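The sequence and structure come first.

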Amino acid sequence: MAEESSQSPNSSFNLFAITQTQLDAAAEVLELDPALHAVLREPLREMHVTLPVRMDDGSIKVFKGYRVQYNDARGATKGGLRFHPNETIDTIRALAAWMTWKCAVVDIPLGGGKGGIACNTKELSSSELERLSRAYIRQMGRILGPEMDVPAPDMYTNPQIMTWMMDEYSVMRGHNEFGVITGKPLALGGSRLRNDATARGGMYCIREAAKALGIETQGATMAIQGYGNAGQYAASLGQKILGATIVAISDSQGGVYDPDGINPYWALEHKRKNGSVKDFTATGATPISNQELLELDVDILAPSALENVITARNAGNIKARILAELANGPTTPQADDILYNHGVYTIPDFLCNAGGVVVSYFEMVQNAYDYYWDDQVVDERLDTRITQAFHAVHKRAQELNVNNRIAAYCVAVERVAEAVRLRGWA
Ligand code: NAD
């Protein structure tokens, strides 16, 4: 494992140290064997690469790329690729750890991985982005493959990038290898409903949480931070599946608030034309900052952008009844305790946003069999897995009298620990 250690893109919090703290808390509750605990505390493998890429002006720019294969005891590692200017190895380690717990909590036969490139996609032309994506695969291809490690889209990556990567990998192998990557377009082995799967899974969690808490979702108010893949579908599906009123949305530039409800489709159209939802005030909404959005008095709050946005500083001001963590790592451990004591019902990230990896797993299965399912089949199978996982976590939290995050860790860690133990690794 490499020595370097650095900070999360969003703050002074070290995200990987946070995942270790969370694991330690669950290990204590589970009275986990110390050797198993030690194995689960660190990534099994990681690769760091240097990527020289020719820019459109003829110059060469050098980028740093990473891939972490955290744990593959239950199956091939699986996890997204982020293209973020402040990407760090510790963020990737943390996200790879969460992928391990995520695949285990929804009980799919995969381990956890994550990767990324430190780059600003907004400063790259399409052809530069393509050359960078292909360069990443030329370096990382040797540790990827449907039976080894399967990437997917994450922040600032998309189906086009997945397609360039799948194509480069197929060229390296000498045959089509659609199953090397998920989140591909439908025309090239993608799964139906993959685009909105992360938010869809989150909506099924919220539906079940609302039932457990006796909250009516029809007309419930919902605020969403972030309007990318997770956030924009949370808005449209929140309205469609839950009947919620979307009262606030935001992106990196700022947000808007309207107690009478924001039309998610018009907001998206506005963002497409103007680059942000920040000025979407034509239908009566007023501007709101990202910080104010988090503290609104709403039934459902869905942080769907970056990590570490709910900390000890603002956790006491969160008024939402359900905190649906579509983003990875939006809440720090100290904030968790404050929210739990204030009665906020948190649906932890690796359960709330697991819909994406569940449908990615379905995509891998469909690629392997070259047999494709329709919307209804994908939706029903997703709903079943997420609902089962939600109730396993909710039940464990009640039994152990712990917060939902520790309960989710207990469910997931037990499964991975059993695989590690049976394989004789510890
Ligand atoms: P995306 O790149 O599609 O969108 C990110 C959004 O966050 C954009 O709207 C951006 O403007 C906004 N944003 C960036 N900085 C912000 C800030 N400081 N304040 C408010 N908004 C800000 O990314 P995504 O795929 O939607 O991922 C968002 C989160 O969801 C990440 O934490 C990611 O790890 C998690 N997630 C995504 C998926 C998936 O399938 N896309 C799956 C699981 C988890």
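D107 and R74 form a salt bridge, with the closest N and O atoms 3.1 Å apart; the term stands for a side-chain nitrogen of Lys or Arg within 4 Å of a carboxyl oxygen of Asp or Glu. D107 sits in the loop between α3 (89–105) and β4 (111–117) and R74 in the loop between β2 (60–71) and β3 (77–83), so the pair ties together parts that are 33 residues apart in sequence. Helices (H or I, at least four residues) and strands (E, at least two) are DSSP runs, numbered from the N terminus.

D107 is partly exposed at 41% relative accessibility, and R74 is also partly exposed, at 21%. Here buried means under 20% relative accessible area, exposed over 50%, and partly exposed in between (1.4 Å probe, protein chains only).

## Basis of the values

This is a predicted model, in which local features need pLDDT of at least 70 and side-chain atom pairs count only at pLDDT 80 or more, while totals for chains, interfaces and linings use all residues. Residues are numbered from 1 along each chain as its sequence is written, and side-chain values use heavy atoms, with hydrogens and water left out.

## Other salt bridges

The count of salt bridges is 29. One of them joins R321 and D299 at 3.8 Å, N to O. R321 belongs to the loop between β10 (300–303) and β11 (322–324) and D299 to the loop between α9 (290–294) and β10, so the link spans parts 22 residues apart in sequence. R321 is partly exposed at 43% relative accessibility, whereas D299 is buried at 18%.

R405 and E325 meet at 2.8 Å, N to O. R405 lies in helix α14 (residues 404–423) and E325 in the loop between β11 and α10 (333–341), so this pair ties together parts that are 80 residues apart in sequence. R405 is buried at 4% relative accessibility, and E325 is buried at 0%.

A network of salt bridges links E130, R134, R138, D167 and E168.

## Packing of α1 and α14

Helix α1 (residues 15–30) packs with α14 at an angle of about 75°, the axes being 9 Å apart. Axes are lines fitted to C-alpha atoms, for helices over the stretch in contact, and angles run from 0 to 180 degrees between N-to-C directions. The two helices, α1 and α14, are therefore roughly perpendicular, a class that covers 65 to 115 degrees.

Contact (heavy atoms within 4.5 Å) involves residues including L23, A26 and V29 of α1 and R405, Y409 and V413 of α14. The residues of this contact divide into nine nonpolar, two polar and two charged. Ala, Val, Leu, Ile, Met, Phe, Trp, Tyr, Cys and Pro count as nonpolar, Asp, Glu, Lys and Arg as charged, and the others, Gly among them, as polar.

Note on methods:
Angles under 35 degrees count as roughly parallel, over 145 as roughly antiparallel, 65 to 115 as roughly perpendicular and the rest as oblique.
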